[in-house]
Amino acid sequence: MLVADDILYLELPKTACSHIRNLLKHFVGGKFVGKHNRPSEQMLEQMLEQKMLVGSVRNPWDWYVSMWAYGCDSKGVLFKRLTSRQIRGQGLISGAKSIPPLVFLRFLSQIFFKSPDNWKRLYADSRNPYLFREWLSLVLDIDSNHKYSFGDGYAFSPVSSIAGLYTYYYVRLFARDTARLINGKISAMDGLCEIDQSYNVLNEVIRVESLEDDVVRILCKLGHVDSLSLRNEIRTYKPPLFRDIGSKSNSSSRVRDIRYYYDQQTAHLVAHREKLIIEKHNYQSILANF
């Protein structure tokens, strides 16, 4: 996250967060404190009164392609968890006390019996839509035991039976009280939406698809009033590390048109499992293409 005098930016993975945090630091200063993390609840309560809280989001269909393609380049925490049998980093500490013994045993058995080689096969080629569709079907399958391999407490949260991995990351990072995501009292999408509406801490959201305009709007609210010069500077800005190369940070080798990767079944799957983000942030469905 980026902590500055007037702003706190929380980084949701695969939402151009590396670029956004570098961009914001260039204009408002501050310091980086971890990555993809969130402040403690005590620190967060203090910041709610003192700073503008900002997050970023991305079209869910695009997000899953990006997450998978990043793994195809052997990068990312999810790739590392799925392609190994390590338990470390599985997000057990925060929710361990509330995990029923039988569920915990199911988790251990899934880690022990899972096939890293099969996951590696699904990450073999970032330009192969059939591998992506098979991977996505496993990741978004409500009844699959594969969710115990994803980590971050997803399998132990009632959110996993209601929404997909992307929504879980979203509500967990941006919620004031994360305990509500593992206490078992969420039974339907309406309840999850109510929790997000009541406990989401963000004052502003940067959509990847309108990144320049959203950053300009936020900077203007913080006192940077020359929006035209801001927009030009944002459009051409590159962090120091990338000024001599043409690629973006944390980019992958994927095909850029997301319609290339989906068929009707997998497009519907994302529409169903990521309904909260799609409706809240007015994302257009790609279903009309099939």
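**Close-up views of a predicted model**

Among contacts between residues at least 6 apart in sequence, 74% join residues at least 24 apart in the chain. The model is predicted. The chain has 290 residues, of which 49% count as buried, and its secondary structure consists of 13 helices and 5 strands.

**Figure 1. The open sheet is built from 5 strands with mixed pairing.** The strand order is β3-β1-β2-β4-β5. At the edges lie β3 (31-32) and β5 (204-207), each of which pairs on one side only. Helix α1 (residues 17-28) packs on this sheet and touches β1, β2 (7-9), β3, β4 (52-57) and β5. The direction of α1 makes about 165° with that of β2.

**Figure 2. Strand pairings in the sheet include antiparallel β1 with β3 and parallel β2 with β4.** Strands of a sheet pair through backbone hydrogen bonds, either parallel or antiparallel. Strand β1 (residues 2-3) is joined to β3 by 2 bridges, and L2 has F32 of β3 as its bridge partner. Between β2 and β4 there are 3 bridges; here I7 is partnered by M52 in β4. The parallel pair β4 and β5 is joined by 4 bridges, with R207 in β5 as the bridge partner of V57.

**Figure 3. Strand β4 is covered on both faces.** Because 6 of the 6 residues of β4 are buried, the strand is largely enclosed by the rest of the structure.

**Figure 4. Helices α3 and α12 meet in a right-handed crossing.** Two packed helices are described by the angle between their axes and the distance between the axes. For α3 (residues 60-72) and α12 (residues 264-273), the axes come within 9 Å and cross at roughly 110°. The two helices are therefore roughly perpendicular to each other. The contact is formed by P60, W61 and Y64 from α3 and by A267, V270 and A271 from α12. By class, these residues are 6 nonpolar, no polar and no charged.

**Figure 5. Helices α7 and α12 meet in a left-handed crossing.** The axes of α7 (residues 129-139) and α12 come within 10 Å and cross at roughly 35°. R133, L136 and S137 of α7 are in contact with T266, L269 and V270 of α12. This contact is made up of 3 nonpolar, 2 polar and 1 charged residues. V270 belongs to the α12 side here, and V270 is also among the α12 residues that meet α3.

**Figure 6. S66 is a buried residue of helix α3.** The relative accessible area of S66 is 4%. Since the cut-off for buried is under 20%, S66 counts as buried with that value of 4%. Leaving aside neighbours within four places in sequence, S66 is in contact with K14, R58 and R254.

**Figure 7. Helix α10 contains several buried residues and is followed by G223.** Buried residues in α10 (residues 211-221) are L211, D214, V215, V216, I218 and L219. After the helix comes G223, whose phi is positive, near 110°.

Key: Residues numbered from 1 in each chain as written. Predicted model: local features only at pLDDT ≥ 70, side-chain atom pairs only at ≥ 80, totals over all residues. Heavy atoms only, no water. Axes fitted to C-alpha atoms, helices over the stretch in contact; angles between N-to-C directions. Parallel < 35°, antiparallel > 145°, perpendicular 65-115°, else oblique. Left-handed = near helix turned anticlockwise from the far one by under 90°. Contact = heavy atoms within 4.5 Å. Nonpolar A, V, L, I, M, F, W, Y, C, P; charged D, E, K, R; others polar. Pairing = 2+ DSSP bridges. Buried < 20%, exposed > 50% of the residue type's maximum accessible area, 1.4 Å probe, protein only.
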